[in-house]
Amino acid sequence: MAFQIPSDLHPDLMPVAWLLGTWHGNGRGDYPTIEAFSYEQDVVFAHDGRPFLHYFSRAWITDDEGERVRPGALETGFLRPSGEGKVELVLAHPTGYAEIWYGETDGARITLATDVVARTVSAKEYTAGQRMYGLVEGALMYAYDMAAEGQPMQSHLWGKLERV
């Protein structure tokens with residue numbers, strides 16, 4: 001699908017403009033404390049003319065045939081370029097987490113790591129994360145590693161989304 005940079009895009013967003021739009025696809029998840037799973041996902045990166053992108057993601061756990069079984073992860077936040085290829089990401093989750101991430105852009109690739117993970121008393125233990133987003137042959141590819149429930153940093157989610 002052809003992509004055009006919006007005329008009202010804030011100039012600070014040019015390094016991350018390739019993220020803009022609605023994306024849909026599938027991914028896989030695994031971690032030592034859970035069973036491996038598949039999921040379907042919608043992601044939106046939107047702007048309103050100010051120097052940040054609003055990020056929204058929702059997922060559904062899927063069965064072996066790719067049919068939705070139940071709701072999965074949900075998160076929302078703001079991606080904020082901070083100059084010289086640096087970015088900040090502020091995220092909130094209904095499972096009781098709020099995170100601050102710092103990272104950098106390198107062309108159509110963004111790498112991020114948590115600086116702060118705050119959690120409510122009822123949230124599961126989660127201490128750190130790393131994310132990578134990249135545009136590969138028109139698809140949004142990503143990977144998410146985490147340290148949680150006494151486990152060291154390791155692969156948790158990966159997926160491929162197409163622009164819709």
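**Model.** I worked from a predicted model.

**Fold.** I listed the secondary structure and found 10 strands and 0 helices. Reading along the sequence, I wrote the pattern down as β-β-β-β-β-β-β-β-β-β. I then looked up the radius of gyration, which is 16 Å; the globule rule gives 15 Å for 164 residues, so the protein is as compact as a globular protein of that length. The C-alpha trace spans about 45 × 35 × 25 Å along its principal axes.

**Packing and contacts.** I noted that 38% of the 164 residues are buried. Among contacts with a separation of 6 or more, 38% join residues 24 or more positions apart.

**Surface and charge.** I have the accessible surface at about 9,000 Å², with 53% of that belonging to carbon and sulfur atoms. I counted 13 positive and 23 negative charges, and their mean positions lie 3 Å apart.

Most residues other than glycine have a negative phi.

- I placed E84 in the loop between β4 (68-83) and β5 (86-93). With a relative accessible area of 83%, E84 is exposed, because the cut-off for that class is over 50%.
- I placed E149 in the loop between β9 (139-148) and β10 (154-163).

Technical notes:
Residues numbered from 1 in each chain as written. Predicted model: local features only at pLDDT ≥ 70, side-chain atom pairs only at ≥ 80, totals over all residues. Heavy atoms only, no water. Helix = DSSP H or I, 4+ residues; strand = E, 2+ residues; numbered from the N terminus. Rg over C-alpha atoms; globule rule 2.2 N^0.38 Å. Buried < 20%, exposed > 50% of the residue type's maximum accessible area, 1.4 Å probe, protein only. Contact = heavy atoms within 4.5 Å. Areas by Shrake-Rupley, 256 points an atom, 1.4 Å probe, with all protein chains shown as cover. Lys, Arg positive; Asp, Glu negative; His and termini not counted. Charge placed at Lys NZ, Arg CZ, Asp CG, Glu CD.
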